[in-house]
Amino acid sequence: MTEPVAETDPPLPHAHENAPGTARLIALSDGIFAIAMTLLVINVAVPADLPAAAFHKALSDALPSLGAFALSFTLIAGFWRDHRRILTALPVETTVVTRLILLGLGLVALLPFPTGLLAEYASQPDAVALYASAMAAIHAVHATLLLLTQRQVHPSPTSPAALARRRFTAQLGSSVLVFGLSIPLAYVNTEAAMWFWIALVPAHYVIGHYRRRLPQP
């Protein structure tokens, strides 16, 4: 599963990347993302000194953990890329923006927990719903950051960069919707809820394609 949030848009300005406040937030964010991505692999393990038959069974039993690791690593990598993209475009560091950034980082740091639950208890609705809730919450934080800083970053709402930023926000909003809808679906059918996450890919593509075809003012 891929997270094409940022791939369909041109890069946003990086004029404020070297500002002291922004630089500190970027350094903190990079560290938290790196730790969260590393902790994901802790759930992937095979006991030592197993005979051949038990080894092959243990290796087979580790496949769900590998799948959950791959999914979360891919999504966290997308979050990291999008997070840097948002931070480097911030014109000023306000209290509200800083608190939102810290909330998002806290949710990212928590991700190894729902990832471990998903690997071990994918058949349990609560595990799938918790994972989807964490993903929806992080996307919601990023979308809120973009909305709050839209005018400061792009004073002209009709500029190509402003339109790209709105497209980026719409893609994040579609992620919130997909993960949010999968939460009640998990209590009906957990497998259907997880397969529903694939809807992120066509949703992001359609939003990016549709926005590009709109006539420019």
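I took rings of Phe, Tyr and Trp (its six-membered ring) as a pair if their centres lie within 6.5 Å, with planes under 30 degrees apart called stacked, over 60 edge-to-face and the rest tilted. By this rule I count three aromatic pairs.

The model is predicted, and local features need pLDDT of at least 70, side-chain atom pairs count only at pLDDT 80 or more, and totals for chains, interfaces and linings use all residues. Residues are numbered from 1 along each chain as its sequence is written, and side-chain values use heavy atoms, with hydrogens and water left out.

**Aromatic pairs**

I looked up Phe69 and Phe73, a tilted pair at 5.6 Å centre to centre with 40° between the planes. Both lie in helix 3, four residues apart (helices are DSSP runs of H or I, at least four residues, numbered from the N terminus). Phe69 is partly exposed at a relative accessible area of 23%, and Phe73 is partly exposed at 34% (buried is under 20%, exposed over 50%, partly exposed in between, with a 1.4 Å probe and protein chains only).

I then looked up Phe179 and Trp197, whose ring centres are 5.7 Å apart with planes at 50°, so the pair is tilted. Phe179 is in helix 7 and Trp197 in the loop between helix 8 (190–196) and helix 9 (200–213). Both Phe179 and Trp197 are buried. Tyr131, Phe179 and Trp197 form one aromatic cluster.

**Core**

I noted 41 residues in the largest nonpolar core, where Ile101, Phe179 and Trp197 touch the most other members (a core joins buried Ala, Val, Leu, Ile, Met, Phe, Trp, Tyr and Cys residues through side-chain atoms within 4.5 Å). Helix 6 gives the most to this core, with twelve residues.

How values were computed
Helix = DSSP H or I, 4+ residues; strand = E, 2+ residues; numbered from the N terminus.
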